[in-house]
Amino acid sequence: MTDTPPDAGSAAPPRRATIAETVATSDSFLRHVGREFLVVFYAALRSLKLYPIENAQVQKALDDLATVAKHVLDVEQELELRLQGEFIFVNSTRLRLALENYASFSHVLQVMRTCGVGAIRLDAQVDRRQLQILVSLLLAHSTGETSPDTIHEIIGKLSEAGATHVVVEPPFETDENVADSEKAKEAAKRTYARSVAVTKEVINSLRLGRTANVKRVKRAVQAIVDQVLNNESSLLGLTTLRDYDEYTFVHSVNVCIFSVALGRKLGLTKLQLYDLGMTALFHDVGKSRVPLEVLNKEGGLTEEEWRILQAHPWLGVLTLFGLRGYGEIPYRGMVVCYEHHMKTDLTGYPRAIRPRSLSIFSKIVAVADGFDAATSRRVYQTVPIQPDQVLKEMWENPRRGYDRVVVKAFINLIGIYPVGTCVILDTYEVALVHAANPDTSFVHRPVVRIVASADGAITHPGILADLAERDAQGNFPRTIVKVTDPSRFGINVSDYFV
Ligand SMILES: [Fe+2]
Ligand SMILES: [Fe+2]
């Protein structure tokens, strides 16, 4: 690692493609072959609907389908066709609708919907016979009555027929345009759980000395970015679910969510956010090379143990080099691994020998990381610090070494009372912050969920109250008096966010 600023990447030939560039090229490839796949898929459905299977036109359509599928699978290893609202995605790339493919789009969309299928996944071993089974099954179920069981019937028949390389799934992402916040929350929860699972898989396999598949992580990050862009607050709310045992994985996902939301606030493009999300998710990947006894040790660390723990930034760089799919590794990910504990004044670790300025990605991840780490309960930190105190310290104490602009943006993002903060109101009610007020002049008046009445009775789920709302006289009926520790009231924050 040189001490040149990471953005001056041209100084280090040959330059690796950044994840954004990789995504961009694979995006246009997928858009192209995805459309092609949809057209042949449609042709197969249509011809099989009109003619018996032996018919030459049907056979040709199935040949074409197998050829195009193979073409995609040679490059991508997996082909996923997924519906999301009115859109069709191929491996996370949204297909653009054009007039000439309108018929195939809408037909495939309709067949999948009638069958209750949200996604079709093919893996590299799929063959023409299995594709034929898929097409026949979809066709057979797309005409009759639709019931919630249709998808399960299809799944059962696929396995009966031995089509092991074809997977169909019920819809799992909600419509991008669904206003229904409950649905958005469900979708956020699934994205969150999936991201934690993928991260866990990657870190655990690295710990066992195996390589890990970056592609799945990339997809999880894309889902996070898409969701943050659609409905920021639903994912941010989930960062309050801090599972003690799963700390490492949950922490990585939280840092990813905070970083992406922060990057968005700072005006990064979607592709830059993909890049940032990946780097954030992998920021502590070096910890997979630190013994668990050191990571989970209760009480103080010995000098030697500190030395090992503080090696995780550069161990992370080495780990990223070893990941499968080398071209997929963001160069910036290595920089972030290396720099995220350095602090803006370079008093952190690893020690910088010469002056350097930290990459903006490192500054963003450092703030997200610092906030999540300080507000989490861990083996050696049984009482987490209240979020507002953490923010105050990050903002006021220059020795913490955070970038002021980034901290400011972070406070604007999550409010001075971040989601999940437990507060006492002037009505003596106890409430949990539900969402920051979108109007930044009301940062001190978030939307809260009242979880305990003035006489101390716990309510679940409790009612929502917008603290910026005034009564008929123009007064605020409720105002935050102070932040408190929810456990003092027997309140379990995660009960209200699951
Ligand atoms: Fe770290
Ligand atoms: Fe971290």
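Q: What share of the accessible surface of the protein chain belongs to carbon and sulfur atoms?
A: The model is a predicted one, and every value given for it is computed from its atoms. In this model the protein chain has an accessible surface of about 23100 Å². The part of that surface that belongs to carbon and sulfur atoms is 53%.

Q: What percentage of the residues in the protein chain is buried?
A: A residue counts as buried when its relative accessible area is under 20%. Among the 498 residues in the protein chain, the buried ones make up 51%.

Q: Is Thr-199 buried or exposed?
A: Thr-199 belongs to helix α6, which covers residues 181-207. Once its neighbours within four places in sequence are left aside, Thr-199 is in contact with Phe-249, Ser-252, Val-253 and Leu-281. The relative accessible area of Thr-199 is 4%, and because the limit is 20%, Thr-199 is buried.

Q: How are α4 and α5 oriented to each other?
A: Helix α4 (residues 128-141) packs with helix α5 (residues 150-160) at an angle of about 150°, and their axes are 11 Å apart. Angles over 145 degrees count as roughly antiparallel. The orientation of α4 and α5 is therefore roughly antiparallel.

Q: How do the residues of the contact of α4 with α5 divide into nonpolar, polar and charged?
A: The two helices make a right-handed crossing. From α4 the contact takes Ile-133, Leu-134, Leu-137, Leu-138 and His-141, and from α5 it takes Thr-150, Glu-153, Ile-154, Lys-157 and Leu-158. These residues divide into two charged, two polar and six nonpolar.

Q: Which residues in α15 do the residues of α10 meet?
A: The crossing in which α10 passes α15 is right-handed. On the α10 side, the contact involves Gln-272, Asp-275, Leu-276, Thr-279 and Ala-280. In α15 they meet Phe-361, Ile-364 and Val-365.

Key
Residues numbered from 1 in each chain as written. Chains lettered and ligands numbered in written order. Predicted model: local features only at pLDDT ≥ 70, side-chain atom pairs only at ≥ 80, totals over all residues. Heavy atoms only, no water. Left-handed = near helix turned anticlockwise from the far one by under 90°. Helix = DSSP H or I, 4+ residues; strand = E, 2+ residues; numbered from the N terminus. Contact = heavy atoms within 4.5 Å. Buried < 20%, exposed > 50% of the residue type's maximum accessible area, 1.4 Å probe, protein only. Areas by Shrake-Rupley, 256 points an atom, 1.4 Å probe, with all protein chains shown as cover. Axes fitted to C-alpha atoms, helices over the stretch in contact; angles between N-to-C directions. Parallel < 35°, antiparallel > 145°, perpendicular 65-115°, else oblique. Nonpolar A, V, L, I, M, F, W, Y, C, P; charged D, E, K, R; others polar.
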